[in-house]
Amino acid sequence: MTECQNYQGFNVLRIRLIRAVIMWPWFPYLIQFLTLGIFVALTILGWGRFAPEGVNGKLFAKTNLVNLVIWGIWWPSMVWLAVLFGRVWCMVCPLELVANGTERLGRKCGVKQLIPGKWLCSGALIAGLYATIQLCVAGADLHRVPAYTSLFLLSLLGMAGLAGFFFKDRAFCRGFCPVGLLLSDYGRGGMLAVRAGSSKICNTCTGKDCIMACNRTRLYGRSCPSLLNPPKLNSNRDCLVCGQCIKSCKPDNMQLILRRPFHPADTREPLASWPATIFIMMVSGFVTAELCREWKTAQSLFLWLPERFIGHFGLSTVVGWIEGVWAILFFPLALWIVLGVIASLNSDNASIMIKSWRLLALPIAVIISTGHIAKGLAKSTSWIGFLPYALKDPLGIRTVLEIRSKAIPQPAPLLSLSVVSLMGIVLVVTGIYFSIREARLANPETYHQRLAPIFVLAVLFAFIIFGWGFSS
């Protein structure tokens, strides 16, 4: 009997085709090359492209292939993949390929590459980069202007290249990737996990190829490029599912397990790190704002205070930026003060309330992720119908003009908002179960103190999503 049976999952490497793909020398490089080609092509296609004068920017974003693929398909899909399967997107991410390539180039050029420090690997910079992206979405319509999306993609490629050239040990993925915290926090309960089989086999292994530093520069069968210890993996937080430890394992003991979500065998952190906590707080505001966009009444209530502020001070030229700051800073701060007070009702000590934020962060992230994927579902089903038009007319100018003149019909959503609303409520209810379970597994003695905050946020999300059915 092997320890992998404790995970009550299925080793997908038993399927010959999957095993052949994972063990193939060109995996995942070939897929990364393909995704890199798509990134570069979209960057070129969107360069200097803006909506025609007088055309609705929201509609143009759906007809232009660059915006449609990046913001209507890729971005929501990343969230779904992270929640369901962990950091599986990282396996085929073109930015990892660029960073890997420039790290090798820097090493060959004799660059004294830096070791990413504790602060960088904590995710502090990542939280700031994600906030910057969301501010640009709100203030500059990053997600609606192909020229800005092109600059966004170019900056990602450039940052990956520079991080790889001047740092080593997969520094971009660990400290610079703008979605790194989202993937790690959402992906903790993913159903796909790299785990060792029998600990006895790992203990008696003399080669230790999966952790030996001398193997880290190989192209095939590297020791873990993220500096993890594959035989002792007990969390999905940092594993990029690159498969290198599986290839390097001479006893063939590393496995790729498909199992139930949020498996109890994984380790739980009693307290989230401060970067993770701040990130989750910030995303709670962003997701609330996004959910409200699907229901005009909720949106007007959500923006009531910033609109009063804008009107009073005459700041109509920077409406989007102020709304963005409200969504990722002031609203989440107010929300978490309420959640923290609820969680620490038995204490008047402010430090207890702040500590409760770290206790709440990871269980609450489960609720936030369900709201996020509900919003992603609403968005992708609304946008995906434009794909045939965008493939025929990648720039989208002719298409948007024809839709505006009613020469061609505007595609209907694949699912009605009422149906998406029902699915979203089911997601949030499911999230309540897993959120409570995560709180109990992480802190069994005090988890009951987090039940009320979990329900407060879940009810808020469910109420907003329920309202979608009345706005359709």
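## Close-up views of the predicted model

**Figure 1. The salt bridge between Arg19 and Asp252.** With a relative accessible area of 28%, Arg19 is partly exposed (buried is under 20% relative accessible area, exposed over 50% and partly exposed in between, using a 1.4 Å probe and protein chains only). The model is predicted, so local features need pLDDT of at least 70 and side-chain atom pairs count only at pLDDT 80 or more, whereas totals for chains, interfaces and linings use all residues. Residues are numbered from 1 along each chain as its sequence is written, and side-chain values use heavy atoms, leaving out hydrogens and water. The partner of Arg19 is Asp252, at 3.0 Å from N to O (a salt bridge is a side-chain nitrogen of Lys or Arg within 4 Å of a carboxyl oxygen of Asp or Glu). Arg19 belongs to helix α1 (residues 16-23) and Asp252 to the loop between α13 (244-248) and β3 (254-258), so this pair ties together parts 233 residues apart in sequence. Helices (H or I, at least four residues) and strands (E, at least two) are DSSP runs numbered from the N terminus. Asp252 is also partly exposed, at 41% relative accessibility.

**Figure 2. Further salt bridges, with Asp209 paired to Lys250 and Arg398 to Asp393.** The closest N and O atoms of Asp209 and Lys250 are 3.7 Å apart. Asp209 lies in the loop between α12 (199-204) and α13, and Lys250 in the loop between α13 and β3, so the pair ties together parts 41 residues apart in sequence. Asp209 is buried, with a relative accessible area of 15%, whereas Lys250 is exposed at 60%. In the second pair, the N to O distance between Arg398 and Asp393 is 3.9 Å. Arg398 is partly exposed at 47%, while Asp393 is buried at 9%. Shared partners join the salt bridges of Asp185, Arg188, Arg237, Asp238 and Glu269 into one network. The model has 15 salt bridges by this rule.

**Figure 3. The contact of helix α4 (residues 65-85) with helix α9 (residues 146-166).** The two axes come within 8 Å and cross at roughly 60°; axes are lines fitted to C-alpha atoms, for helices over the stretch in contact, with angles from 0 to 180 degrees between N-to-C directions. Helix α4 contributes Val66, Asn67, Ile70, Trp71, Trp74 and Trp75, and helix α9 contributes Pro146, Thr149, Phe152 and Leu153 (contact means heavy atoms within 4.5 Å). Eight of these residues are nonpolar, two polar and none charged; Ala, Val, Leu, Ile, Met, Phe, Trp, Tyr, Cys and Pro count as nonpolar, Asp, Glu, Lys and Arg as charged, and the others, Gly among them, as polar.

**Figure 4. The largest nonpolar core, with 129 residues.** Such a core is a set of buried Ala, Val, Leu, Ile, Met, Phe, Trp, Tyr and Cys residues joined through side-chain atoms within 4.5 Å. Phe152, Phe172, Tyr186, Leu256, Phe279, Trp336 and Trp468 have the most contacts inside this core. Helix α18 (residues 350-383) supplies its largest share, 14 residues. Beyond four places in sequence, residues touched by Tyr186 include Val79, Val283, Ile368 and His372.

**Figure 5. The buried residues Ser435 and Leu339.** Ser435, in helix α21 (residues 417-442), has 0% relative accessibility and is therefore buried. Excluding neighbours within four places in sequence, Ser435 contacts Pro363, Ile364, Val366, Ile367 and Ile454. Leu339 lies in helix α17 (residues 319-343) and likewise has 0% relative accessibility. With the same exclusion, Leu339 contacts Leu360, Pro453 and Val456.
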